[in-house]
Amino acid sequence: MSTEGQIIKCKAAVAWEAGKDLSIEEIEVLPPRAHEVRVKVEFTGVCHTDAYTLSGADAEGSFPVVFGHEGAGVVESVGEGVDSVKVGDSVVLLYTPECRECKFCLSGKTNLCGKIRATQGKGLLPDGTSRFRCKGKDLFHYMGCSSFSQYTVVADISLVKVQDEAPKDKTCLLGCGVTTGYGAAINTAKISKGDKIGVFGAGCIGLSVIQGAVTKGAGEIIVIDINDSKKAWADQFGATKFVNPTTLPEGTNIVDHLIDITDGGFDYTFDCTGNVQVMRNALESCHKGWGESIIIGVAAAGKEISTRPFQLVTGRVWRGCAFGGIKGRTQMPSLVQDYLDGKIKVDEFITHRHDLDNINKAFHDMHAGNCIRAVITMH
Ligand SMILES: NC(=O)C1=CN([C@@H]2O[C@H](COP(=O)(O)OP(=O)(O)OC[C@H]3O[C@@H](n4cnc5c(N)ncnc54)[C@H](O)[C@@H]3O)[C@@H](O)[C@H]2O)C=CC1
Ligand SMILES: N[C@@H](CCC(=O)N[C@@H](CSC=O)C(=O)NCC(=O)O)C(=O)O
Ligand SMILES: [Zn+2]
Ligand SMILES: [Zn+2]
């Protein structure tokens, strides 16, 4: 029986307040309005950024909210004026939308789209309202996606149709983690064959950077992480060396050490930790004259980066990117094809699986440090 035009009652993980476990609730999901799409979410990943906003450290965090932004599913119904997807299409949700008509989209310089960023940051759909209700209250949306609900409503520029044959428990991870790191390496950094790469933090994002650096033919890939258990992971993805800054001999400075073992510094470094001191180390371990450091990690509200301006005067470059610089509606189908053709690893990132009722375990695993990605089965 079609649910088109009806309010759908379904299960969702609701964050009622910062710092507390998510609560599994029955919620109401309203039908999509003009230029919106209602999606049956089949699988979602859990990203460090979900945990970051849940912790209360996100300047844009609003509660109560339905988190989740690594979602894959099927279109249940579409609102008026939607012509990019139809009922039954397999889709990946996009927290970085692509409208193809705003100043950003037309610039040819960035994947950031400005069309709905203001309302997205407020936890609302583009018309300034929510499609979620629970216990008489409206719930906020999250990053334009809210994939921790069995059904969600998103703007039609916040999702992309992908190949039906691609398994959705894998394509969900292309909705953030894998694409973010891989894209930063193949897109944002202009890595040349033989380059020396420093990857700070070997979670899903850092391991995906390694994957991209290997694709680009990097010479040395040195991973810097405070968790020794990440060495095996880094090796598996193609790193050539692992450094744990906490186990260096007393008095050895990590930046000096890295400059020493790379004959003057890295060609490219990537912060995949969100720690502002690590961001500084990543910049300062770049090679004088040309080394570029790319910030991917998300830092807590109020945190700022600093370095001596001399670091930039002498040719090091500080940059950053969101979603790996990838334009989701245009480029996601070819990433999915690369996955189907065995050119991009995705399965290897999945260390944990839970059903929706046990989604809090994914957050606990992440904090325990032994989880690369947990995938949640939504139905
Ligand atoms: N810019 C963007 O588009 C995106 C940014 N992010 C951000 O990227 C960061 C990484 O995300 P995930 O890989 O999911 O996180 P994760 O928690 O799985 O991995 C982080 C890694 O950094 C390591 N680490 C922590 N402190 C460190 C330190 N002081 N020195 C060296 N290593 C350290 C941890 O041991 C861990 O292996 C987070 O800040 C997340 O919010 C995530 C997705 C997209
Ligand atoms: N809300 C935060 C900023 C969070 C942030 O930087 N998000 C990244 C994606 S992280 C994905 O896991 C991003 O896309 N940033 C670009 C954007 O337009 O939000 C804050 O206020 O600091
Ligand atoms: Zn993410
Ligand atoms: Zn746009």
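What we have here is a predicted model, where local features need pLDDT of at least 70, side-chain atom pairs count only at pLDDT 80 or more, and totals for chains, interfaces and linings use all residues. Residues are numbered from 1 along each chain as its sequence is written, chains are lettered from A and ligands numbered from 1 in the order in which they are written, and side-chain values use heavy atoms, with hydrogens and water left out.

So, ligand 2. The shell around ligand 2 has 8 nonpolar, 2 polar and 3 charged residues. That's 13 residues surrounding the ligand, where near means a heavy atom within 4 Å. Thr49, Asp58, Glu60, His69 and Arg117 are the closest.

Which atom of ligand 2 is 2.7 Å from an N or O atom in the side chain of Glu60? A nitrogen atom. Thr49 has a polar side-chain atom 2.7 Å from an oxygen atom of the ligand, and for His69 that kind of distance to an oxygen atom is 3.1 Å. On its own, ligand 2 has 530 Å² of accessible area (Shrake-Rupley method, 1.4 Å probe), and the protein covers 70% of that.

Now zoom out. Domain 1 is 8-177 + 325-377, and domain 2 is 189-320; those bounds come from an automatic or database domain assignment. Their centres, taken over C-alpha atoms, are 29 Å apart. How many salt bridges (a side-chain nitrogen of Lys or Arg within 4 Å of a carboxyl oxygen of Asp or Glu) are there between the domains? The count is 0.

Conventions
A polar contact is a pair of N or O atoms within 3.5 Å; within protein, one must be able to donate a hydrogen and the other to accept it, and residues adjacent in sequence count only if both atoms are side-chain atoms. Ala, Val, Leu, Ile, Met, Phe, Trp, Tyr, Cys and Pro count as nonpolar, Asp, Glu, Lys and Arg as charged, and the others, Gly among them, as polar.
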